[in-house]
Amino acid sequence: MKVAHTTTRGIAFRGLAEEVLRDPTFRRQYRRKVQLIFTSPPFPLNRKKKYGNLQGEEYIEWLASFAPIFCGFLKPNGSIVMEIGNAWKPGSPVMSTLALEALLAFMKKGKLHLCQQFICHHPARLPSPAQWVTVKRVRVKDSYTHLWWMSPTEHPKADNRKVLRDYSPSMLKLLRNKRYNAGRRPSQHSIGKKSFFKNNKGAIPPNVLTYANTKSNDEYQEHCRRHGLMPHPARMPAGLPKFFIKFLTGPRSLVLDPFAGSNTTGAVAELLKRRWVAIEPDKDYLKGSKGRFLAAKEKRA
Ligand SMILES: C[S@@+](CC[C@H](N)C(=O)[O-])C[C@H]1O[C@@H](n2cnc3c(N)ncnc32)[C@H](O)[C@@H]1O
């Protein structure tokens, strides 16, 4: 188990998750201490990325084998949030259900509850699968990933007041004018005036999230360019871990990303004053990930 780098709040280990998570020193240090495991495991993709992917049954078994291991690191009210993308059958315009089967196997093996399902829409994603979307024109752009929020308990730590959004202009107008047709809606929901006009300092967000890879990734890419490193091919937008870390953890909570890649999770945890642990086997991805923390350091200085 090699330490790749550390910060005041976090530590990145170089190695395979299956090995690092079984290391006795690692287990002693982090067992039952983690509030949130936020991760995006390698997907079963058609096109091999640099780090390779297992396929079929092997992938399902491999991912599911992590469920009991992850649970051993969680606090009793902890959560696991896993981002899993869509997959397509090679050479065919039909989707693979592998990711869903892997998720179900993972939940079963860990005896996990599905607390809520989220969709992350990536508006800037290139049209894919290209053959069927841009050449044959028989499918539309595949532009979202799923995030599955799971926990060993039905009541993990969570507070949606930590992730409120700005009110829309029409809601702000309503709150100002206090004029609204209260009563029963066509959907049979009844809206009381009192509760509707209460200013809760923001709107409760939906479970559809939209983020683009922006500023923080520009800084990361600049760091990679300067050091002759290939940027990670499957980075997640920083807004994603930010939403779940705020929603499901508190200050100083411990956040673990066992498939850390460019360590978007660790960098966001650091900015939000949470402690973090990252695991990634690829030396270059780890070198590149240091750039995320340099940018944060410069910003604080
Ligand atoms: C989808 S990427 C994660 C991207 C990351 N969320 C980010 O924003 O950069 C999955 C990562 O898992 C790593 N990986 C593959 N097999 C692994 C294993 N057995 N243990 C730990 N990490 C692994 C890959 O090298 C890759 O960087």
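**Figure 1. Contacts across the chain in the predicted model.** Of the contacts in the chain with a separation of 6 or more, 71% are accounted for by residues 24 or more positions apart. The model shown here and in the views that follow is a predicted one. The chain holds 12 helices and 13 strands, and buried residues make up 47% of its 301 residues.

Figure 2. Nine strands form an open sheet with mixed pairing, and their order is β1-β2-β13-β12-β3-β4-β8-β7-β11. The edge strands are β1, covering residues 2-6, and β11, covering residues 208-210, each of which pairs on one side only. On average, and with direction ignored, neighbouring strands of this sheet are turned by 20° against each other.

Figure 3. Because its relative accessible area is 17%, which lies under the 20% limit, I11 counts as buried. When residues up to four places away in sequence are not counted, I11 touches V3, H5 and T6, and also Y30, W276, V277 and A278. A further pair to look for in this view is I11 and G266, which are 255 residues apart in sequence but lie 8.5 Å apart in space, C-alpha to C-alpha.

**Figure 4. Helix α4 and the elements around it.** Helix α4 spans residues 66-73, and seven of its eight residues are buried, so the helix is largely enclosed by the rest of the structure. The buried residues are F66, A67, I69, F70, C71, G72 and F73. They pack against several helices, namely α1 (17-20), α2 (24-30), α3 (56-64) and α5 (98-110), and against the strands β3 (34-39) and β4 (74-85).

**Figure 5. The packing of α3 with α4.** The helices α3 and α4 pack at an angle of about 20°, and their axes are 5 Å apart. Because of this angle, α3 is roughly parallel to α4. On the side of α3 the contact is made by W62, L63 and A64, while on the side of α4 it is made by F66, A67 and P68. Sorted by class, this contact of α3 with α4 has six nonpolar residues, with no polar and no charged residues.

Figure 6. S143 is found in the loop between α6, which covers residues 130-135, and β8, which covers residues 144-151. With a relative accessibility of 13%, S143 counts as buried. Its side chain makes a polar contact with the side chain of H121, at 3.5 Å. Leaving aside the neighbours within four places in sequence, S143 is in contact with C120, H121, H122 and R125.

**Figure 7. Helix α10 and its buried residues.** Helix α10 spans residues 239-248, and eight of its 10 residues are buried, so this helix is largely enclosed by the rest of the structure. The buried residues of α10 are G239, L240, P241, F243, F244, I245, F247 and L248.

Definitions and conventions
Residues numbered from 1 in each chain as written. Predicted model: local features only at pLDDT ≥ 70, side-chain atom pairs only at ≥ 80, totals over all residues. Heavy atoms only, no water. Buried < 20%, exposed > 50% of the residue type's maximum accessible area, 1.4 Å probe, protein only. Helix = DSSP H or I, 4+ residues; strand = E, 2+ residues; numbered from the N terminus. Contact = heavy atoms within 4.5 Å. Axes fitted to C-alpha atoms, helices over the stretch in contact; angles between N-to-C directions. Parallel < 35°, antiparallel > 145°, perpendicular 65-115°, else oblique. Nonpolar A, V, L, I, M, F, W, Y, C, P; charged D, E, K, R; others polar. Pairing = 2+ DSSP bridges. Polar contact = N/O pair within 3.5 Å; in protein donor to acceptor, adjacent residues only side chain to side chain.
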